[in-house]
Amino acid sequence: MEPRIIKFTNPRHLSQLYCGKESNLAQVEQAFEVKIVTREDWLQVEGQPADQDKVAQLFDFLNAARTQGLNISQVDFDNMLGAVKRGETAQLRELFENPLVLKLKHRGTIVPKTLNQKRYLQFIKKSDIVFGIGPAGTGKTYLAVAAALSALLEGQVDKLIVTRPAVEAGEALGFLPGDLEEKILPYLRPLYDAMYEMLGKEESERMIEKGVIEIAPLAYMRGRTLSNAYILLDEAQNTTPEQMVMFLTRLGDRSRMIITGDITQVDLPRSKISGLKQAVQVLQGVEGIKLFYFDVGDVVRHPLVSAIIKAYDAFRAESM
């Protein structure tokens, strides 16, 4: 059988597609029962024609990802290899044929940086309720805010409501200086920061003043029905089950929700159950609700953040 030659733009680009690791090429050989030789800017694939096709498909998807701005990580490579091996090429093709780029006034455009970020945005686009669950630095909250702002600016909804529990304050809230708004502001500050970066401070404050954007503590959601709005709940691991049910049942006509949190970072008293932990058990399989999980490989902050998360995960595992 004739070997297949797959060419790329230059040697560096090809190396980036498999993270510069010969072990990844060995994984491809094992997955598809082929032999791969690489020189300069090409791959030579020996094997059955059907298996050669699968290798070509894999590198087509990797190439599309890199061309669309993804810095391919080991997690991305493993995910795409697994998807092609399982025959999930239609899902991958949909991801890359319709690039997900969020357009915002101040920031210009926001492009997902990992394969899972692309999938996350795709589910946000399709589902009425999406849970984004994972460690710090994966972009779950940032992309949720960006997606909701994009929908607001495009006129898909009339209002954006962003909320989070002020659980750290507890009973000590009354001892902090200032009125209620001033006391709660520190717990909402990260949401304001994200908004200012994407829209600019002046535009954000104008939209907040007009009531088009509302940033408020979770307690302010009680008793409301939120229609024709995008509603975001951040730090959801710090809700109680009662608060989570209260929040989810605020969903009104033509509204959508994104709930983000890290179930390994619960700040509630030990005697209380996390509403997020309970929700992922109760709502698994409910049509219209998507539970999306990030992992440490999706962290897009400083590389040390991934190392820190891995170290603490290992420590917790040994302590149990």
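I began with the contact between H2 and H4: Asn-24, Gln-27, Val-28, Ala-31 and Phe-32 in H2 meet Gln-74, Phe-77, Asp-78, Leu-81, Val-84 and Lys-85 in H4. I sorted these contact residues and got 6 nonpolar, 3 polar and 2 charged. A reminder to myself: this is a predicted model.

Next I looked up the geometry of that pair. The axes of H2 (residues 22-32) and H4 (residues 74-85) come within 11 Å and cross at roughly 10°. Angles under 35 degrees count as roughly parallel, and H2 and H4 are therefore roughly parallel to each other.

Then I turned to H7, residues 140-153. I checked its length: at 1.5 Å a residue, its 14 residues should span 20 Å, and the end C-alpha atoms are 20 Å apart, so the two agree. I also looked at how covered H7 is, and 11 of its 14 residues are buried. Among them are Lys-140, Leu-143, Leu-149, Ser-150 and Leu-152. After H7 I came to Gly-155, which has a positive phi, near 80°.

Last, the sheet. I found an open sheet of 6 strands with parallel pairing, in the order E8-E7-E9-E10-E6-E11. Strands E8 (213-217) and E11 (289-293) stand at the edges; each has a single partner strand, so one side of each is left without a neighbour in the sheet. From one strand to the next, the twist averages 15°.

I followed E8 to its partner E7 (residues 159-164): the two run parallel and are joined by 5 bridges. Here I noted Val-162, which stands opposite Ile-215 in E8.

Notes:
Residues numbered from 1 in each chain as written. Predicted model: local features only at pLDDT ≥ 70, side-chain atom pairs only at ≥ 80, totals over all residues. Heavy atoms only, no water. Helix = DSSP H or I, 4+ residues; strand = E, 2+ residues; numbered from the N terminus. Expected span 1.5 Å × (residues − 1). Buried < 20%, exposed > 50% of the residue type's maximum accessible area, 1.4 Å probe, protein only. Axes fitted to C-alpha atoms, helices over the stretch in contact; angles between N-to-C directions. Parallel < 35°, antiparallel > 145°, perpendicular 65-115°, else oblique. Contact = heavy atoms within 4.5 Å. Nonpolar A, V, L, I, M, F, W, Y, C, P; charged D, E, K, R; others polar. Pairing = 2+ DSSP bridges.
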